[in-house]
Amino acid sequence: MSDTLFYEIQVQERLDDHWSAWFDGLILTHGEGNTTLLRGPVAAQAALYGLLDRMRDLGLTLVSVRRIDL
């Protein structure tokens with residue numbers, strides 16, 4: 001059984017596509033206003049916390065974190 005889950009994380013800031021590699025290859029799309037949606041597989045719960053730590057370190061404003069079913 002794989003621990004990989006899919007997540008959708010929204011931040012208030014607008015991130016350019018080059019940040020995708022820094023966020024473990026999550027796909028970035030832009031929402032209304034200056035929001036960015038990061039979406040894709042996350043290997044394990046610890047990896048999710050690592051992504052959230054990176055966002056915090058960059059000073060990004062977290063809007064939502066949602067596990068999604070594909």
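Trainee: What is the relative accessible area of Gly50?
Mentor: Gly50 has a relative accessible area of 27%, so it counts as partly exposed. Keep in mind that this is a predicted model.

Trainee: Where is Gly50 found?
Mentor: Gly50 belongs to helix H1.

Trainee: And how are Gly50 and Phe23 separated?
Mentor: They are 27 residues apart along the chain, and their C-alpha atoms are separated by 9.3 Å.

Trainee: Let me back up. How many helices and strands are there in the protein chain?
Mentor: The protein chain has one helix and four strands. Starting at the N terminus, the order is β-β-β-α-β. The radius of gyration is 11 Å, close to the 11 Å from the globule rule for 70 residues, so the chain is as compact as a globular protein of that length.

Trainee: What does the C-alpha trace span along its principal axes?
Mentor: About 40 × 25 × 20 Å.

Trainee: How much of the chain is buried?
Mentor: Buried residues are 27% of the 70. The accessible surface of the chain is about 4600 Å², with 51% of that belonging to carbon and sulfur atoms.

Trainee: Which residues touch the most other members of the largest nonpolar core?
Mentor: Val11, Leu15, Phe23, Leu38, Met55 and Leu60 do, in a core of 13 residues. Strand S1 (5-11), strand S3 (36-42) and helix H1 (45-57) each give two or more residues to this core.

Trainee: Take Val11, then. What is it in contact with, leaving aside neighbours within four places in sequence?
Mentor: Asn34, Thr35, Thr36, Leu38, Met55, Leu60, Thr61 and Val63. Of these, Leu38, Met55 and Leu60 are also among the core residues that touch the most other members.

Trainee: What about contacts over the whole chain: how many link residues 24 or more positions apart?
Mentor: Such pairs account for 63% of the contacts with a separation of 6 or more.

Trainee: Next, Val42. Is it buried or exposed?
Mentor: Val42 counts as buried, because its relative accessibility is 3% and the cut-off for buried is under 20%. It is found in strand S3.

Trainee: What does Val42 touch, not counting residues up to four places away in sequence?
Mentor: Val42 touches Asp3, Thr4, Leu5 and Tyr7, and also Ala47, Leu48 and Leu51. As for Glu8, it is 34 residues from Val42 in sequence, and the C-alpha to C-alpha distance is 9.9 Å.

Trainee: Where is the place of Leu58?
Mentor: Leu58 is in the loop between H1 and strand S4 (62-68). Its relative accessible area is 34%, so Leu58 is partly exposed.

Trainee: Which residues does Leu58 touch, not counting those up to four places away in sequence?
Mentor: Trp19, Trp22 and Phe23.

Trainee: Different topic. What phi does Asp24 have?
Mentor: Asp24 has a positive phi of about 55°, although it is not a glycine. Most residues other than glycine have a negative phi.

Trainee: Where is Asp24 found?
Mentor: Asp24 sits in the loop between S1 and strand S2 (27-30). Its relative accessibility is 47%, so Asp24 counts as partly exposed.

Trainee: Last one, charges. How many positive and negative side chains are there?
Mentor: There are 6 positive and 10 negative side chains, and the centres of the two sets lie 3 Å apart.

Key
Residues are numbered from 1 along each chain as its sequence is written. This is a predicted model: local features need pLDDT of at least 70, side-chain atom pairs count only at pLDDT 80 or more; totals for chains, interfaces and linings use all residues. Side-chain values use heavy atoms; hydrogens and water are left out. The radius of gyration is taken over C-alpha atoms; the globule rule is 2.2 Å times the number of residues to the power 0.38. Buried means under 20% relative accessible area, exposed over 50%, partly exposed in between (1.4 Å probe, protein chains only). Contact means heavy atoms within 4.5 Å. Accessible areas come from the Shrake-Rupley method with a 1.4 Å probe; for residues, only the protein chains shown count as cover. Lys and Arg count as positive and Asp and Glu as negative; His and the chain ends are not counted. The place of a charge is taken as NZ of Lys, CZ of Arg, CG of Asp or CD of Glu. A nonpolar core is a set of buried Ala, Val, Leu, Ile, Met, Phe, Trp, Tyr and Cys residues joined through side-chain atoms within 4.5 Å.
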